Amino acid sequence: MPRERSAAFAPGRVNLIGEHTDYNEGLALPFAIAEGITVRTERLPRSGGEERIEASAVDLGESDEFPLGHPEGAHGWRAFVRGTAAELGRARFPLVGARLQFGGDVPQGAGLSSSAALEVALCLALLELGSEPGERAPLERIDRTEIAQLCARVERDWVGARTGLLDQLASLYGTDERALCIDFRSLRVDPVPLQLGDWRLVVLDSGERHSLASSGYNERREQCARACELLGVSSLRDADEDAARGLPEPLGRRVAHVLGENRRVLQAVEALQADDLEAVGELLDASHASLRDDYEISTPAVEAAVSRLRAAGASGARLVGGGFGGSVLGLFAPGREPPSGAREVRPGPGARMLAE
Ligand code: GLA
């Protein structure tokens with residue numbers, strides 16, 4: 001008997017530090033959060049010889065339907081569902097027709113990676129439904145990094161955002177009480193204890209929605225690629241800081257951000273190992289200044305949110321994710337009260353199958 005149902009959950013993420021480094025073969029230090037997306041599927045009988053997907057976005061009250069074998073492009077959440085089914089098919093994973101529904105509590109466009117959570121949960125649920133009974137669960141037989149790469153192809157080819165692997169790797173490798181030090185050159189993921197004690201990490205929504213496909217995200221990537229050409233290196237990981245100073249503006253500042261941010265990730269790992277959360281706070285502030293001034297991806301709404309966190313006594317605050325809106329992250333020492341509307345976040349486990 002083939003499988004009749006499957007269910008999977010994938011979390012969003014917060015990036016502690018290391019922003020816009022992933023597509024430059026740099027370093028980042030994200031963690032998976034408790035909020036995420038759940039996808040539930042049930043086998044849909046073949047109709048007229050063709051396998052189909054019927055999908056519904058529970059929170060939005062919207063639906064979609066497409067032939068599994070040849071989905072066409074679409075916009076919004078439909079692009080994620082169609083793209084994930086198509087990329088799984090292209091990678092020759094066995095798939096079957098499904099009625100699927102998804103919903104969750106990670107807000108869309110808030111910089112907490114609702115997109116990656118959706119892609120990863122879709123992948124796992126569709127892989128499980130298409131597998132033979134008795135076969136091991138998808139995460140036990142398929143390399144997580146391979147799943148992350150497939151999801152990134154969905155973003156690039158179906159959604160139109162040329163993202164790196166930060167969000168998907170964080171969602172897939174998340175671990176309780178650990179941040180993940182990711183080296184995007186080797187794709188090595190090293191868990192680093194993130195024990196906060198009475199300290200708190202919070203996110204505050206700037207109220208400004210962002211869309212990676214339409215923001216300056218792709219433009220920043222192109223600028224980094226152009227800087228590489230001019231410097232004669234294959235990625236900014238190898239860029240020489242002095243040579244970068246001679247680049248035309250704004251390329252020099254873009255490179256300065258990436259190189260400085262890679263350094264700050266290593267410093268943050270050291271600070272966490274030394275249990276020095278004050279130092280982590282200072283690094284968050286330095287990262288934000290660099291993202292605002294050198295990478296130029298902040299907005300007035302983001303600045304207002306950062307100011308609210310600082311006014312409440314944050315030890316450090318910065319924008320998280322792609323920028324141009326979304327959420328800001330703040331670190332609060334014991335006894336300091338985050339402002340109203342701020343939500344506490346803690347490192348939690350990564351994507352997983354659920355009981356059906
Ligand atoms: C978005 C992208 C990631 C990464 C960050 C910036 O979240 O999806 O790949 O580039 O922006 O660090």
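Visitor: Y23: buried or exposed?
Guide: Y23 is buried, with a relative accessible area of 11%. Buried means under 20% relative accessible area, exposed over 50%, and partly exposed in between, using a 1.4 Å probe and protein chains only. Keep in mind that this is a predicted model: local features need pLDDT of at least 70, side-chain atom pairs count only at pLDDT 80 or more, and totals for chains, interfaces and linings use all residues. Residues are numbered from 1 along each chain as its sequence is written, and side-chain values use heavy atoms, with hydrogens and water left out.

Visitor: Okay, how many aromatic pairs are there?
Guide: The count comes to 2 aromatic pairs. Rings of Phe, Tyr and Trp (its six-membered ring) pair if their centres lie within 6.5 Å; planes under 30 degrees apart are stacked, over 60 edge-to-face and the rest tilted.
Guide: One of them is Y23 with Y217, an edge-to-face pair at 5.6 Å centre to centre, with 70° between the planes.

Visitor: Where do Y23 and Y217 sit?
Guide: Y23 is in the loop between β1 (5-15) and β2 (27-28), while Y217 is in helix α6 (residues 217-231), so the pair links distant parts of the chain, 194 residues apart. Helices (H or I, at least four residues) and strands (E, at least two) are DSSP runs, numbered from the N terminus. Y217 is buried too, at a relative accessible area of 6%.

Visitor: Switching to D167. What does its side chain make a polar contact with?
Guide: The side chain of R13, at 2.8 Å. A polar contact is a pair of N or O atoms within 3.5 Å; within protein, one must be able to donate a hydrogen and the other to accept it, and residues adjacent in sequence count only if both atoms are side-chain atoms. D167 is found in helix α5 (residues 166-173) and is buried, at 13% relative accessible area.

Visitor: And what does A121 contact?
Guide: Leaving aside neighbours within four places in sequence, A121 is in contact (heavy atoms within 4.5 Å) with A8, F9, A10, I37 and V39. A121 lies in helix α2 (residues 114-130) and is buried, with a relative accessible area of 0%.

Visitor: Last one: at what angle do α8 and α9 cross?
Guide: The axes of α8 (residues 251-273) and α9 (residues 277-293) cross at roughly 170° and come within 10 Å. Axes are lines fitted to C-alpha atoms, for helices over the stretch in contact, and angles run from 0 to 180 degrees between N-to-C directions. That makes α8 roughly antiparallel to α9; angles under 35 degrees count as roughly parallel, over 145 as roughly antiparallel, 65 to 115 as roughly perpendicular and the rest as oblique.
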